[in-house]
Amino acid sequence: MIQSVLSHQLGQPGSRLPVTIKLAGALAGVLLATAACGGGSSDGGDTSGTAGLKGKTVNFVGYGKDNPWGAYFNGVFVPKLESQGVKVVDLTTMDPGTAVTNFNQAISNKPDLIVAALLDTSSTVVPIKKAKQAGIPVLVFDGRPDPSVDGDVMQVLSDNEALGTAAAQNLVEGLKAQGRTSGNIIAITGTKSGFAAQDRVKAFDAELAKTPEYKVVDIQDGNWDPTLSGKIATQLFAKYGCSGIQGAYGMADYQALPIVAAAKQAGCPVGGKDGLIVTGSNCFKAGIDAIKAGTLYGTATEDPGTIAEQTADYVIRYFNQQNPPAKELVKEERVTAKNVAQFEEQCSKA
């Protein structure tokens, strides 16, 4: 399983509409009122209103624009807020250590809200606690925070467990369609220190455990980096050879496609009746095109545009004192050649 291989090698450390996680009403109300530093009551107003937005400052500790997913997310999220009169301070990065430094800088800036993606879940516990002590509300998006500070932040989350499950289902379905009764799988993940990747690995393991004839033989941290993912894939095909790998999981389409390229470079067949079965996630247009071409077996949603819109909408509702729920979850879907037409538009914006 992925988790056991990961522990051995690396050490222990959307249908499209968002689905709201309904917490106890009183608890959610108290949490958000506290986070707002005396925020107002729910007025049911239009989320597009700007009365509560003009002059507000958001410090954005999100994913860096050098990451394909982050670049598209930022290109949707930031303009939507700025168009409403919000000043957005860019503190984005793909380096976990720099992200912690930037989070602390955001606290020093004393904005009206910090919006953050947690590349390193453990390392952001202290900054989140500091923000709470300073009376600065925090909204986390994509991957969940450490349980010790779960109640100290608002959240708009990808359903990362569903994404991990979908990846395992894609691989098993593809391998079975080829008539394989066993198979070795490699996986190249997102940043291992964040719960976005960890939750996918956990769910992937649980789903794959239902078919023990297919096993993970190697897993590497690709840090959500397509170039690094390609280098890792090249090394793995050199290590195991074409006959030693039957399936591959790239945790994002932009990680899965470098696996496909590395396999072809190594002379390994991809897709078809007896080629390598590859699945991605975090769907992109290039991934959709690869599914249609038969080189990528499947992917899943979690496209950056959908969650960017939802996160910006959450900020707007928050500043308009509409008391959004403490947590919102974006519904994710599995995508293969069978239903690719249904998700092509959603997944082809980035």
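Analyst: Lys239 and Asp218 form a salt bridge, with 3.2 Å between the closest N and O atoms; the term denotes a side-chain nitrogen of Lys or Arg within 4 Å of a carboxyl oxygen of Asp or Glu. This pair links distant parts of the chain, since Lys239 belongs to helix 8 (residues 226-240) and Asp218 to strand 8 (residues 214-221), 21 residues apart. Helices (H or I, at least four residues) and strands (E, at least two) are DSSP runs, numbered from the N terminus. Lys239 is exposed at 57% relative accessibility, whereas Asp218 is buried at 0%. Here buried means under 20% relative accessible area, exposed over 50%, and partly exposed in between (1.4 Å probe, protein chains only).

The model is predicted: local features need pLDDT of at least 70 and side-chain atom pairs count only at pLDDT 80 or more, while totals for chains, interfaces and linings use all residues. Residues are numbered from 1 along each chain as its sequence is written, and side-chain values use heavy atoms, with hydrogens and water left out.

A further salt bridge joins Arg200 to Glu302, where the closest N and O atoms are 3.6 Å apart. Arg200 lies in helix 7 (residues 195-208) and Glu302 in the loop between strand 11 (298-300) and helix 11 (304-319), so this pair ties together parts that are 102 residues apart in sequence. Arg200 is buried at 0% relative accessibility, and Glu302 is buried at 3%.

Glu333 and Lys331 also meet through their side chains in a salt bridge (3.6 Å, N to O). Lys331 is partly exposed, its relative accessible area being 33%. In total, the structure holds 13 salt bridges.
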